[in-house]
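Dear colleague,

I am passing on the structure we spoke about, placed just below, and after it come my notes on what I found. Please read them with the structure open beside you.

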Amino acid sequence: MSSRVLITGGAGFIGSHLCERLLDEGHEVICVDNFFTGSRRNVEHLFPNPRFEVIRHDVTFPLYLEVDQIYNLACPASPVHYQHDPVQTTKTSVMGAINMLGLAKRLRVPILQASTSEVYGDPAVHPQTEDYWGNVNPIGPRSCYDEGKRAAETLFFDYRRQHDLDIKVIRIFNTYGPRMHPNDGRVVSNFVVQALRGEPITIYGDGSQTRSFCYVDDLVDGMVRLMNTGHEVTGPINVGNPGEFTMLELAQAVLNITGSGSVIEHRELPQDDPKQRQPDIDLARRELGWEPTVELHAGLVKTVEYFRRALGG
């Protein structure tokens with residue numbers, strides 16, 4: 001059945017791929033974005049589709065629409081962007097959640113929260129399971145994002161307990177792919193852009209810290225599967241690729257794919273930067289029948305091709 005779907009942050013990197021997926025499935029899609037980090041370019045190829053609509057709106061203000069499902073993705077997700085205006089970042093997570101939950105409550109429709117692996121902070125448990133409460137600095141420079149997302153999860157589960165709302169909470173681990181912002185400060189886009197420009201590849205710390213990289217198509221598939229579960233499935237559910245790579249390994253992979261002559265340059269590790277990040281996805285396998293299918297090399301090839309075009313060859 002065709003549904004009318006609201007996606008906040010729909011013109012962002014992940015949101016634009018989700019818009020595309022749902023339109024391909026025959027749904028009507030309303031993309032809401034204030035274009036702080038999202039871009040019209042990410043969705044302009046969808047404009048001719050009569051089932052697609054874009055609304056410029058900031059989710060810290062209420063929104064009144066008639067829809068069948070809500071995906072709440074609105075929030076800057078890279079340190080460069082969320083630390084630019086940390087107060088607004090927290091407001092987007094908290095007020096945005098309140099406003100979207102209020103809309104879902106009025107309409108009695110399911111709502112999915114795009115949460116993050118950052119709720120685990122610098123984890124003392126490895127790999128991270130959904131029952132781990134995390135190790136988060138509540139007053140550091142990353143706290144606006146980490147604690148904002150943790151507060152949003154609290155709100156979602158309080159709405160579930162108090163109003164029996166149909167909620168879905170997905171914890172997203174490092175995601176990469178076409179339409180990443182070239183200046184978002186995240187490691188994949190940093191390395192690829194630096195390599196293509198022949199600039200030094202900057203690694204913070206000694207490069208032994210690890211991340212797990214999930215290609216965007218795999219993530220979107222997990223999001224759609226979670227939204228389509230029954231009322232009893234709420235999450236939180238980790239969705240990410242459990243393959244774990246050091247920053248040095250990622251840098252070498254990017255150099256090999258791009259053929260770049262860039263050198264590696266080490267810099268001081270930022271405050272509260274997690275040393276390890278790897279999802280335990282057993283719950284996603286059981287509840288969603290989901291696991292990633294795109295290997296890192298294959299995903300990086302597609303990402304490099306996108307940035308070659310975006311940077312003008």
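The protein chain exposes about 13300 Å², of which carbon and sulfur atoms supply 50%; accessible areas here come from the Shrake-Rupley method with a 1.4 Å probe, and for residues only the protein chains shown count as cover. Please keep in mind that this is a predicted model, in which local features need pLDDT of at least 70 and side-chain atom pairs count only at pLDDT 80 or more, while totals for chains, interfaces and linings use all residues. Residues are numbered from 1 along each chain as its sequence is written, and side-chain values use heavy atoms, with hydrogens and water left out.

As for the overall build, the protein chain has nine helices and 13 strands, where helices (H or I, at least four residues) and strands (E, at least two) are DSSP runs numbered from the N terminus. The radius of gyration of the protein chain is 19 Å, close to the 20 Å that the globule rule gives for 313 residues, so the chain is as compact as a globular protein of that length; the radius is taken over C-alpha atoms, and the rule is 2.2 Å times the number of residues to the power 0.38. Buried residues make up 57% of the 313 residues, with buried meaning under 20% relative accessible area, exposed over 50%, and partly exposed in between (1.4 Å probe, protein chains only). Among contacts (heavy atoms within 4.5 Å) between residues at least 6 apart in sequence, 82% join residues at least 24 apart.

Nine of the 12 residues of α1 are buried, so that the helix is mostly covered, and among them are Phe13, His17 and Leu22. The cover over these buried residues includes strands β1 (4–8) and β2 (28–33) as well as helix α6 (216–227). Just after α1, Gly26 takes a positive phi of about 95 degrees.

Some backbone details also deserve a look, given that most residues other than glycine have a negative phi, and most peptide bonds are trans. Phe35, in the loop between β2 and β3, has a positive phi of about 60 degrees although it is not a glycine, and Phe35 is buried, with a relative accessible area of 14%. Arg108, in the loop between α3 (86–107) and β5, has a positive phi near 55 degrees, but at 47% relative accessibility Arg108 counts as partly exposed. The peptide bond from His126 to Pro127 is cis, with omega near -10 degrees, and the bond from Gly235 to Pro236 is also cis, with omega near 0 degrees; Pro236 sits in the loop between α6 and β11 (237–239).

Finally, Gly207 lies in the loop between β8 (201–204) and β9 (210–212) and counts as buried at 0% relative accessibility. Leaving aside residues up to four places away in sequence, Gly207 touches Thr246, Met247, Leu248 and His266.

With best wishes
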